[in-house]
Amino acid sequence: MSWLHYLIEANIYMLVFYLCYRLILADNTHYTLNRMYLIASCIIAFIIPLTQISALKPHLEETQTFTQASYVLPTNLNVQVQKQGFEFTVDNTLPYLYIAGAMIAAVVLLVRLWRLFKITKAGRSYSYGDYQRVDLPDSQTAFSFFNYLYMGTGLKQSETIIAHELVHIRQKHTLDVLFLELLKIVNWFSPVVYLVQQSLKTLHEYIADEQTAALENDALSYSSFLLNNAYGLAGASVTHSFFNNNLLKRRIIMLNQKRSGKLARLKYLAAAPLCAGMLCTSTLLFSKDYGVIDFTPQKQTSRTVQIDSGNYTLRLTDLTTGIIAIADDMELRDSTADKATFYSVKTFPDKPKEITISNGDHFRIEKVLRDSARSAYEQTQKSPPPPSRPVSIYNKDKRGSALVIAPQLPTKALVPPPPYETAYIPLYKHMAKTLRYPQSARESKTDGNVILSYRLNSDRKITDIKVEKGIGNGCDEAALNAIRSFNGIVDKAPGQYYLATVFALQGYTKRYQSLDNYRSKPNFAGVVVATGYVNNPPPPPPVESRKKATSVPPPPPPPTITSTKWKSRDQIEGLNAFYSFIAKYVRFPARLRNEDKSGIVIMNFDVKDGKLNNIKLYKGILPIADNEVARVLGMYDKHLDIPAGNYYIPVSFNLVDEDNPNPTIDNKVEIARQIPKDGKSTVLTEVVVTGSKIKS
């Protein structure tokens, strides 16, 4: 709940500002400066959590690797399947408690304003230039609200009271009070805002007393007037009431206190180091995802991971399970405590370190000789080691509080992923197969989490898919297209669910911790991770096992546009590149060859701002062929310079043999028959993918 963390952090800073005011500034007679300090401190306290100084953080180099990985992190670490429904947990109930408190505070404010409105209507109003005077018959009260001055007809020496209240009106003290009232709605749970409001209203009275006493030319006589009128009735809390018995003693003391000199103004300079210290604290102490302002943004530098460089490497051992991981660089994340620590073999001391995270698990990190570590690894393997890949080590905590991700040589001792519900297996497999890292996101080095929400209808089909939280640069569209192309069912109760898709550049794991808020929900469907690569695009999927086939003929050339339908050369060249991309990356499924099956897959999509959106199947052959076309369309992230609108594209899978390697197959009639002619959509040119027939 980042919103709650933000409010707590802001209130901590507000408390620090207020303590500084009470200890250093409260006794100053520079009342106007004190008023400005309190108002500014409330605003700055809510700005500091949104800022950070990246230069203070350890600079983590970007890691470039050339290994593809697209895998699923299962969701439920508990083996037991929970029944769908609302669960009363702290995470679930806190938002409702906060909203209820804020609504009550808002209603209280509205009731007070309504009562003041009724008082205004009941009294007799007179206009006196820059203010309105409202006489209250048979009343012993006096207060002001904006430019309205409320006076009881039973008061004596009303001229002095009027002069006092006019100071409130002319200095617009009501705006300060309403600002604090609105802040109380947001911060109704914090006692700090109530203390700030009380101090601010006290300052308003000091300012009004000081200026009124100056008109009387005698502070002592004005003090006597305050004592003689100490028993009047106070007005509403949103107004400035002349009668406030709780402040009477303090008002008289401050009225007769010696005025602070000019040097006392230097005390306000303490706010500068105070702000700087809190800004550094916000950057270093609080691990957060709501920092939007960076005063010193750092440019990412890249390096290539060399596992075998140097004589030493790092070895991490889970002292509870004996799990071992080996890497040159490691990042240990403790999501429960919201902390992360980075370790590098270049800076790690010779003495081993033992670490205990907040859930009680123990780890040991030590620097070891690279050759001995590799030898121990090779002795446990019967086959050569696989290429390096990102490795995740989980502990047994429900929230997955320990997560180590580092490029390294995998070992058999790695902890397997936690168990997950079998109902999600078809969705996991589909997402892992179709989700691809957009090229534009890789080039701009965009990574992070895309949170999707969807509903399961009564047929267990996925509908109403939305992006709850996105990161842009094509990642949102890639996640949407992947889940929209899923035609299977999820055997869960109908309702709303959440699915996280993590786009992680190799070596980047900085935003995994923010998924903890979703993992604890009973309707969280899991996490799908797509690993991106900075330099190379992902290779095509592995070729399926197949029966012995005839020699594969060369694929037909992609269609070339010669029609005058497209008006510009850019449109024609863009479509030719689009067709070539489909023809290059679509693979002929082995199942179609084994079953001697051909056919046409027709996909429908929208084009908006040159990007493909809402990709879905219109007519298919078999799911394996349909998903292959959807996968390739989802990979296409270049700009397509054609008018915005709805489009159909047919992709034909044709089987050929040795006797006729280049048959002439005209599918135009079949395509025209199957695609509706509503005048709202455009049919693009057919793309043909060929496969060889199986020998009999």
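The model is predicted. The protein has 696 residues, and 48% of them count as buried. Its secondary structure comprises 18 helices and 27 strands. Among contacts with a separation of 6 or more, 74% join residues 24 or more positions apart.

**Nonpolar cores**

- The largest nonpolar core holds 35 residues.
- Seven of its members touch the most other members: Met-14, Tyr-21, Tyr-37, Leu-38, Phe-46, Leu-180 and Leu-183.
- Helix 1 gives the most, with 10 residues.
- Leu-183 contacts Met-14, Cys-42, Phe-46 and Val-193, leaving aside neighbours within four places in sequence.
- A second core is separate and has 34 residues. Ala-625, Ala-630, Met-635 and Leu-684 are among them.
- In soluble globular proteins, nonpolar side chains tend to be buried together.

**Helix 11 against helix 13**

- Helix 11 spans residues 425–434, and helix 13 spans residues 475–484.
- Their axes come within 9 Å and cross at roughly 135°.
- The crossing of helix 11 past helix 13 is right-handed.
- On helix 11, the contact is made by Leu-427, His-430, Met-431 and Thr-434. On helix 13, Ala-479, Ala-482 and Ile-483 make it.
- By type, the contact residues are 5 nonpolar and 2 polar, with no charged residue.

- Asp-596 is not a glycine, yet has a positive phi of about 50°.
- Asp-596 sits in the loop between helix 16 (590–594) and strand 23 (599–608).
- Asn-614 also has a positive phi of about 50° and is not a glycine.
- Asn-614 lies in strand 24, residues 611–619.
- Is Asn-614 buried or partly exposed? Asn-614 counts as partly exposed, because its relative accessibility is 23% and buried means under 20%.

Terms used:
Residues numbered from 1 in each chain as written. Predicted model: local features only at pLDDT ≥ 70, side-chain atom pairs only at ≥ 80, totals over all residues. Heavy atoms only, no water. Axes fitted to C-alpha atoms, helices over the stretch in contact; angles between N-to-C directions. Helix = DSSP H or I, 4+ residues; strand = E, 2+ residues; numbered from the N terminus. Left-handed = near helix turned anticlockwise from the far one by under 90°. Contact = heavy atoms within 4.5 Å. Nonpolar A, V, L, I, M, F, W, Y, C, P; charged D, E, K, R; others polar. Core = buried A, V, L, I, M, F, W, Y, C linked by side-chain atoms within 4.5 Å. Buried < 20%, exposed > 50% of the residue type's maximum accessible area, 1.4 Å probe, protein only.
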